[in-house]
Amino acid sequence: MSLTDPVQTLAALIRCPSVTPEDGGALATLGQMLSELGFRNDRVTFSDEATPDVDNLYARLGSDGPHLMFAGHTDVVPVGNAKAWTRDPFAADIVDGVMYGRGAVDMKGGIACFVSALARLIARRGAPEGSVSLLITGDEEGPSINGTEKLLAYAANKGERWDAAVVGEPTNPDRMGDMIKIGRRGSLSGTLTVEGVQGHAAYPHLADNPLRGLVTLMDGLLDPPLDAGNDRFPPTNLEFTSVDTGNRATNVIPARTTAKFNIRFNDIWTAESLAEELRSRLDQAARQTRLRPGREPVRYQLDLDPRSSPSFLTRDEALIETLSAAVVEATGRTPALSTTGGTSDARFIKDYCPVVEFGLVGQTMHMVDERVALSDLESLTGIYELFLERWFDTQSSKAEAH
């Protein structure tokens, strides 16, 4: 296998059936590639109560100078209905210039391209004047408890420090060069429970339907909008994801009902200030009587998930501009600098160093027949190679200036 060829490096990774939380040999395969490039590998397994043990890999090339981290994950989501796939999801079959396989874009493809980019750079001009590390978890698609967050702390406790990081998640919506993620919205989930009085649907005056109260509270959370967004982030968005009474009878008013929701919030809010706003709105809505004439205020309980994710924005102009310039040169497109989408492991990395995200086109991630164009693999490898060369050259110039 030639490490300079991203098609070969990706095929080797796809053929490891690393469905989260199983490793499937993916980290050993990646570790072998990195050893050939001169990296020192550190495999570590993390455990936690009620979650599966997960293997992780931290590898470093170099021992001093400016330090760039590449972060990602080798675990993949389940294939779903394997019979619906037109190709074996773990065979890395190539058909008409396209490679099929689970993890092709999310995100073994990004890892493969970075390895090949670094291999090309080393072959062309030697190892960078500084250090490169790969922080790779097997717990990004799972509960994200025994993965990146613990691996960062583990490495930092051993003295590792980073100047910048790139996460290789698939960030491009339609074409290579579309988008770089320079931040992420925060995420806060919660459960809203409303208490009522059970009774016969034909005698509502003898009961208190909690669904009427729940609808009132839901309306209070949704209207008016939480904010209008700003020049850095889109508006904060609250989505209810389930409503449940546990009631199968159509002639029984239930005693209680619950609704679950998720909020993706911008940097106007923190989890704490958002929680305060939610409770204020709920208290006000609970006193509304339009759907509950003559009733006492709605009796409710709000439970918020303590594992919220904060919003963040990367402001390292040198990191952003160097990556953007590499994208422009390789693709001819000026990438949008975005904070859209869901959360990623960048939310953990931003506590240690500036971080951006850039990878493949994400249109088929998590889908049946997940696949990547070989031309996109070549494009991303070229972008990473340009970025690596220029980022380290820029760091060297800054050091000389001082």
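Mentor: Start with His366. At 41% relative accessibility, His366 is partly exposed. That label applies because 41% falls between the 20% limit for buried and the 50% limit for exposed. His366 sits in the loop between strand 18 (355–357) and strand 19 (371–373). Its backbone stands out: His366 is not a glycine, yet its phi is positive, about 70°. Most residues other than glycine have a negative phi.

Now go to Ser144. Ser144 also has a positive phi, about 60°, and is not a glycine. Look for Ser144 in the loop between strand 6 (131–137) and helix 4 (148–157). Is Ser144 buried or exposed? Ser144 is buried, with a relative accessible area of 9%. The label follows because buried means under 20%.

Next, the peptide bonds. Most peptide bonds are trans. Two places in this predicted model deserve a look. Thr20 and Pro21 are joined by a cis peptide bond, with omega about 10°. Pro21 belongs to the loop between helix 1 (6–14) and helix 2 (26–36).

The other place is at Asp106 and Met107. A cis peptide bond links Asp106 to Met107, and omega there is about -15°. Met107 lies in the loop between strand 5 (98–100) and helix 3 (108–125).

To recap, trace the positive phi at His366 and at Ser144. Then find the cis bonds at Thr20 and Pro21 and at Asp106 and Met107.

Definitions and conventions
Residues are numbered from 1 along each chain as its sequence is written. This is a predicted model: local features need pLDDT of at least 70, side-chain atom pairs count only at pLDDT 80 or more; totals for chains, interfaces and linings use all residues. Side-chain values use heavy atoms; hydrogens and water are left out. Helices (H or I, at least four residues) and strands (E, at least two) are DSSP runs, numbered from the N terminus. Buried means under 20% relative accessible area, exposed over 50%, partly exposed in between (1.4 Å probe, protein chains only).
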